[in-house]
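Here is a walk through how two chains meet. Start with the sequence and the structure.

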Protein chains: 2
Amino acid sequence: MATNGANSTNGAKDNSSKFDPNFTQHVIDLMSPETKPRHREVLSSLIKHLHDFCREVELTQEEWIIGVNYVNAIGQAYRKNRNEAWRVCDILGVESLVDEINHTVVTEKDLSPTSSAILGPFWSPDTPFRDLGSSVVQDMPKDGQFTFFHGVIKDAETGKGIPDAVFDMWQASTNGKYDTFDPENQSRHNLRGKFRTDENGKFWFYCLKPTEYAIDTTGPSADLLKIMGRHPYRPAHIHMMVTHPEYIGVTAQLYPNDDPYLETDTVSAVKDDLLLDFKPIQNDPKGATLEVEYDVRLLSKKFKPDSTMLMQNANQDKF
Amino acid sequence: MATNGANSTNGAKDNSSKFDPNFTQHVIDLMSPETKPRHREVLSSLIKHLHDFCREVELTQEEWIIGVNYVNAIGQAYRKNRNEAWRVCDILGVESLVDEINHTVVTEKDLSPTSSAILGPFWSPDTPFRDLGSSVVQDMPKDGQFTFFHGVIKDAETGKGIPDAVFDMWQASTNGKYDTFDPENQSRHNLRGKFRTDENGKFWFYCLKPTEYAIDTTGPSADLLKIMGRHPYRPAHIHMMVTHPEYIGVTAQLYPNDDPYLETDTVSAVKDDLLLDFKPIQNDPKGATLEVEYDVRLLSKKFKPDSTMLMQNANQDKF
């Protein structure tokens with residue numbers, strides 16, 4: 001059992017000395033010897049951090065009740081196409097952090113492949129392959145900015161282009177909606193496409209300059225944003241999922257470098273090497289008014305032989 | 001925005017160096033300058049510990065999804081008389097810890113008042129006062145062990161008895177149920193009573209030796225117990241809430257010192273100074289076969305002028 005709290009006094013902000021120093025270990029030690037090692041590892045760390053949090057802020061009982069009610073409210077707000085716990089994680093940066101944890105590859109040579117960023121809920125396994133140079137814009141919105149997008153998918157170690165790599169992209173239209181969520185304005189596969197790199201690792205196609213949009217502003221997740229005084233906007237972005245059988249795949253989002261929400265992205269998924277520089281062009285054969293060039297750096301699977309792509313089915317019902 | 005993760009290598013178990021060292025502060029800094037100071041303090045600590053937990057165990061995306069689903073399931077299991085988030089907190093020791101944080105009084109003289117323990121959901125504001133020496137057992141169960149309970153409520157500083165202090169007690173019957181949840185077997189106020197101490201601070205009454213019971217073994221909270229290989233039992237206990245206008249009140253639970261679940265209480269609410277020693281007696285005028293003596297030590301409110309009792313309404317719908 002827990003021992004009676006030692007009443008030692010300590011002027012420092014470290015509150016741990018005021019409270020029973022054995023309590024947290026006591027709770028951890030309640031786990032059975034038969035508990036699976038990974039369960040033990042994760043739950044021990046969870047209990048430790050949960051307790052440290054309570055002690056650090058000297059959580060009052062009233063605040064604890066608010067927290068209890070909040071956790072209950074998250075699950076009560078859950079429904080199809082609305083995964084409230086996922087949203088709260090996004091707002092607290094947890095999805096982006098977990099993405100980093102699972103995609104950081106440490107190499108001896110300090111090679112830097114293109115950063116990973118969260119998949120989001122709108123990737124489709126059915127996106128069609130399109131010819132290099134074709135357009136993903138099936139339904140042109142009036143305020144769309146037609147853009148020529150091109151680049152090279154390179155080996156991060158050798159710098160050489162990778163032939164037959166797949167650049168799978170998807171983006172929202174200017175109304176902030178993706179094709180399947182906007183059947184009145186968009187045909188299926190609008191603003192989606194897979195492109196296979198040529199013999200030099202090059203790919204090129206036409207799309208829209210992406211535009212920013214707000215996440216849903218109701219429910220417990222939005223309440224959390226309000227308490228923190230944060231806006232609900234995501235910076236404009238183009239999603240990409242780049243794959244090749246011999247390379248570690250990269251899923252990320254690419255952002256215009258002049259977007260006003262880069263620094264304050266609701267889901268904290270912006271990274272320095274994921275920025276796009278849109279430049280005006282003239283006399284494009286297909287009438288594009290903007291051009292953007294972006295190269296992707298992939299690491300050979302020899303650096304992480306067990307790497308797999310994201311579990312894409314898990315977040316079908318995210319929003 | 002977050003910077004691209006530094007690829008420094010570090011053989012130690014500290015994983016922080018593998019990941020972007022600025023990410024957590026970035027998320028914290030998204031809070032507006034207008035965020036209330038206490039909100040900022042609590043949320044900053046929460047974000048920090050949540051992120052540290054993810055990095056420490058290198059949480060996989062599959063595990064994160066399990067966690068997301070678990071949080072949603074908590075709220076989905078919530079209903080009247082079933083506060084699932086509260087139950088999960090109890091299993092993780094959080095209610096007991098918050099209770100300690102809110103009731104630890106640090107004095108210069110290292111005085112030790114009787115420890116606090118969680119209120120639980122079964123306290124009643126309507127419990128009647130009873131005469132000293134009377135019994136709370138209105139409905140005697142066949143397997144009940146009739147007990148003479150007596151003690152002194154003392155000033156923890158002077159050791160003197162406190163007249164006119166109130167010892168409010170409640171306990172489950174031998175079937176593990178409290179009166180209002182067991183109308184077929186128990187009349188209202190069965191096994192509940194308030195006693196006012198005499199001029200010497202003494203109180204005495206008759207009750208049952210308490211018996212252990214299991215918490216509900218369904219739902220997400222019980223799943224958590226199973227993963228940890230833990231049993232669902234609470235040690236037998238008598239609840240008490242001791243009050244006096246000039247003293248800091250104490251709410252706690254008292255446990256037979258021979259209970260098999262003291263060390264492994266489901267809600268981690270056992271403390272060394274809350275144990276009862278039940279002894280056989282003979283020739284008791286009311287026929288008690290057991291006797292127990294327990295003194296309570298209260299601290300003057302001068303040590304904590306702003307102390308208040310628990311917010312008792314908040315947990316009416318706990319179970």
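A salt bridge here is a side-chain nitrogen of Lys or Arg within 4 Å of a carboxyl oxygen of Asp or Glu. By that rule, chain B and chain A share 4 salt bridges. One of them joins B:Arg38 to A:Glu63, with the closest N and O atoms 2.7 Å apart.

This is a predicted model, in which local features need pLDDT of at least 70, side-chain atom pairs count only at pLDDT 80 or more, and totals for chains, interfaces and linings use all residues. Residues are numbered from 1 along each chain as its sequence is written, chains are lettered from A and ligands numbered from 1 in the order written, and side-chain values use heavy atoms, without hydrogens and water.

Now take the whole interface. Chain B brings 95 residues to the contact, and chain A brings 95 residues (contact means heavy atoms within 4.5 Å). About 8,500 Å² is buried between the chains, and carbon and sulfur atoms give 64% of that area. Buried area is the accessible area (1.4 Å probe) that two parts lose on being put together, summed over both.

Which elements of chain B give two or more residues to the side that touches chain A? They are helix 1 (23–29), helix 2 (37–56), helix 3 (61–77), helix 4 (84–91), helix 5 (94–103) and helix 6 (219–227). Helices are DSSP runs (H or I, at least four residues), as are strands (E, at least two), numbered from the N terminus. Helix 2 of chain B gives the most, with 17 residues.
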